[in-house]
Amino acid sequence: MQFTSIPFFLFLFAVVVLYYVLPKRYRNWLLLAASYYFYFSFKAEYLIILLGSTAFNYFTAKAMDNHPQRKKLLLGLALVFNIGLLFLFKYFNFFSDQLNALFRSASLDISIPKYSLILPIGISFYTFMALGYILDVYWGDIKHQRNYLTLSLYLAFFPQILCGPIGRAKNLFKQFTTEHLMAYDNFANGFRLILWGLFMKMVVADNIALYVDAIYGNIPMHSSLTLIVAALLYPFQLYTDFGGYTNIARGVAKLFGYDLMVNFRTPYVNSTSVTDYWRRNHISLTSWVREYVFFPFMGSSTSKPKVYLGILVMFLVMGFWHGAGWMFLIWGLIQSGYLIFEDATGLGRKKSANVIVNTLKRAATYLALAFGLMFFRLPSFKHMKEHIANTAKFSLNFYYGSATIFTYMSFGLSILVLFEILLNKKQFDEWIDSHRVITRWGTYLGLAVTILLIGNLESMAFIYEKF
Amino acid sequence: MKNSKMKLIYKIGLAIALFYAANWIVYGALQQMGAGETNYLKINSIQRTQADVYIFGASRALRHYNPAIISSYLSSSSVYNAGVASSNAAYQYCMLNLLLENHTPEAILYEIGDLGKNLDGAIADFFPYYDKNKEVHEVLRKRDPLAGIKFAIPLYAMNQKIFGITHAYLNSSDSSIEGFIPRRGTLDLAQIPIARQTDKKLQADENFDPLAWNYFVRFANLCRDKNITLIYLYSPRYTMAKPVGFDLIKNFSEDHSIELLDFSEDRKYLDNAELFVDWHHLNEKGADIFSNDVGIAVQKSLHEGKRCLAL
């Protein structure tokens, strides 16, 4: 039941109506039941893992508050459990491969078996939310959540369970215990975000995907120009896919009166440096890693070498969070390299009032990011080698695939870029709200008609679901 | 609180009304633009035709069979090209049912190769007939249980068609000869390696659509019931390759005594870039040469075979 499918919207309609019809004391139960049903619709077995994680984290946090003398031990247990869960489903086979290769090179007759476990959808997101909660309780920033229902909802809330945003317990617990009235503004902003999210995903991301996936599925066959265009399009595919998901998720949550974290602030069009980009891109993960990895790592130290080491650690964690593979680690390494370079040279801090300088900086930032994302997109060094080798041939024979799809993709992308320039740091719902009624309704109708006319209505899965 | 609720209900109502108005306006405009015998929305005009022989199939039918040339071999029987790009066997079955509402042709030349899952995009063309034709309704419901909901939004039927409709509308050179729209240009040889890779995927067994096969069989049964002569054809390709489900079709045609004319191994066409616009579509020149070949072969088949046309 993808966010872009008709069954999802039928489900959403039913849940919203029931939510506001039911007496207030039953509403959270309804949300939990709906969330479990939604998660269950992907694969029943996944739900058992989610239920297990909820129970473990509830009782561990409770024990932390009730037995402060055992806090450290309980924290250790919680870290082992949550990271172990991720390790088992996401990283075990990767480590097994590496160790087996090491044993082979040392001529040791040892072999670690591999398991064909399917990665439970959303596990990286809800495990980080669980870890954030446990660490907040450990540090005394919040008390453990006494209400089992609230903690269950915090981890399972259906708008965010698949791909975040990675919410914080202090923010969400309050919302789960507050009464949400049926407010016009929430519905208006919710629909606006859903509409913009659908446009990003169905018109831009899914049309780019048809082109980029065709190129990257067959790298040796393509010319330099085609590969360069694919590499330049991929950041937009990734962003509009994930950004589209996030907007829909935030919009859906708004219909129930909930405010989920802002996750993007037009990162690819408006960032004038990589430092600026990381303030605008996947904000919920970046801030999570900063709060729970970088700050504890730094302690009270402010020394530059330690800051740089902290940045390196932070981005390696982020790279590894995305997937078990050397390519993700290299992507993280490249990002930390950019940030350290910008900090050391002051490039990340300098802001220019000159439009031309800023435009050039935006273009340079985009190119740097697109290069880094090649490691993110390509599955192996072999593919990267093929990509570089073919790009170095300087052949200009351009493959545009289907003229229809290429036209839709270019049209959708142009509209997106135009909107992104106008939005800058604002969210779509805030921006559109500040316009006159004719502009607002014209935009809504224009977007809806564009989705129906050129969007890919096949409900393709979101890229971040596999993380 | 009460005001907020009323405002919300009023705005939702207004949004739905405006959305529907915009839908019907754009839908109507596109219907007008695509109402001719273009590749798109051919369904609009096919019911008005009364030809003796029809050509059915996907884009290779549309681009390869020149009715004027084929007709000259068939004692001036009228021929109409009903090919539609990206259409599959379920589409052809719907099209035949709509055609049979007003007219029963004598023969159908069916370009095989439309059993791939990749050819499912055009079926929404039948939106206007969803509630009007029982067979069309059944096909659409079987393909997609949510068709009823989707077709409540008129523009759903126009999804990803605007480029083709606008192109055909603006480009007068695309005007058809009895439904036939040739393609101009010659093959870019640099695209061949990519094309070979794509071909592999399209011909893989996973691309076989069992639902399309079901309607392929029903199409043949309907022709038999209506006493329509059916001939299967497979037109030339730049590289030698068979479509997905070819063996099934071959066995089926043998079991049911349906002629299968396979031109895909004809040396005249193989590796002849002059006759192709891409690796699986003939250009205008290639289509004319091929239509002559079809005319001769069909004439022979109809005269020699038991299923003779009253020519």
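## Strand S3 of chain B

Strand S1 (residues 53-56) of chain B is joined to S3(B) by four bridges, and the two run parallel. Two strands are taken as paired if DSSP finds at least two bridges between them. Helices (H or I, at least four residues) and strands (E, at least two) are DSSP runs, numbered from the N terminus. Within this pairing, Phe56(B) has Tyr110(B) as its bridge partner in S3(B). S3(B) is also joined by five bridges to strand S4 (residues 229-234) of chain B, again in parallel. There, Glu111(B) stands opposite Leu233(B) of S4(B).

Strand S3 (residues 107-111) of chain B is largely enclosed by the rest of the structure, because five of its five residues are buried. A residue is buried if 20 or more other C-beta atoms lie within 10 Å of its own, exposed if 12 or fewer, and partly exposed in between, with C-beta atoms placed from the backbone. Both faces of S3(B) are covered: one side carries Ala107(B), Leu109(B) and Glu111(B), the other Ile108(B) and Tyr110(B), and all are buried.

## Basis of the model

The model is predicted; local features need pLDDT of at least 70 and side-chain atom pairs count only at pLDDT 80 or more, whereas totals for chains, interfaces and linings use all residues. Residues are numbered from 1 along each chain as its sequence is written, and chains are lettered from A and ligands numbered from 1 in the order in which they are written.

## Chain B as a whole

The secondary structure of chain B comprises twelve helices and seven strands. Its C-alpha trace spans about 80 × 45 × 40 Å along the principal axes. For 311 residues, a compact globule would have a radius of gyration near 19 Å, and the 21 Å of chain B agrees with this. That radius is taken over C-alpha atoms, and the globule rule is 2.2 Å times the number of residues to the power 0.38.

Of the 311 residues of chain B, 41% count as buried. Two residues are in contact if their C-beta atoms, placed from the backbone, lie within 7 Å. Among contacts in chain B between residues at least 6 apart in sequence, 82% join residues at least 24 apart.

## Domains of chain A

The domain assignment of chain A gives domain 1 (6-179) and domain 2 (185-272 + 351-456); such bounds come from an automatic or database domain assignment. The C-alpha centres of these two domains of chain A lie 29 Å apart. Eleven residues of domain 1 of chain A and 13 residues of domain 2 of chain A take part in the contact.

On the domain 1 side of this contact, helix H1 (6-21) and helix H7 (158-161) of chain A each supply at least two residues. H1(A) gives the most to that side, with three residues. The residues of the domain 1 side divide into seven nonpolar, four polar and no charged. In this division, Ala, Val, Leu, Ile, Met, Phe, Trp, Tyr, Cys and Pro count as nonpolar, Asp, Glu, Lys and Arg as charged, and the others, Gly among them, as polar.

## The largest nonpolar core

A nonpolar core is a set of buried Ala, Val, Leu, Ile, Met, Phe, Trp, Tyr and Cys residues joined through C-beta atoms within 7 Å. The largest holds 194 residues, and the members that touch the most others are Met129(A), Tyr154(A), Phe199(A), Ile208(A), Ala90(B), Met95(B) and Leu109(B). Helix H9 (residues 184-216) of chain A gives the most to this core, with 18 residues. Domain 1 (6-179) and domain 2 (185-272 + 351-456) of chain A both give residues to the core, so it lies between them.

Not counting residues up to four places away in sequence, Met129(A) touches Tyr154(A), Leu155(A), Ile166(A) and Gly167(A).

## Contact between the chains

Chain A places 21 residues in contact with 26 residues of chain B. H9, helix H18 (403-423) and helix H20 (437-454) of chain A each supply at least two residues of the chain A side. H20(A) gives the most to that side, with seven residues. The chain A side divides into 17 nonpolar, four polar and no charged residues.

Phe208(B) is placed in the loop between helix H9 (192-203) and helix H10 (210-225) of chain B. Phe208(B) counts as partly exposed because it has 16 C-beta neighbours inside 10 Å. Leaving aside neighbours within four places in sequence, Phe208(B) is in contact with Leu115(B), Val244(B) and Gly245(B).

Tyr216(A) lies in helix H9 of chain A and is partly exposed, with 19 other C-beta atoms within 10 Å. Not counting residues up to four places away in sequence, Tyr216(A) touches Ala230(A), Arg377(A) and Leu378(A). The C-alpha atoms of Tyr216(A) and Pro379(A), 163 residues apart along the chain, are separated by 9.9 Å.
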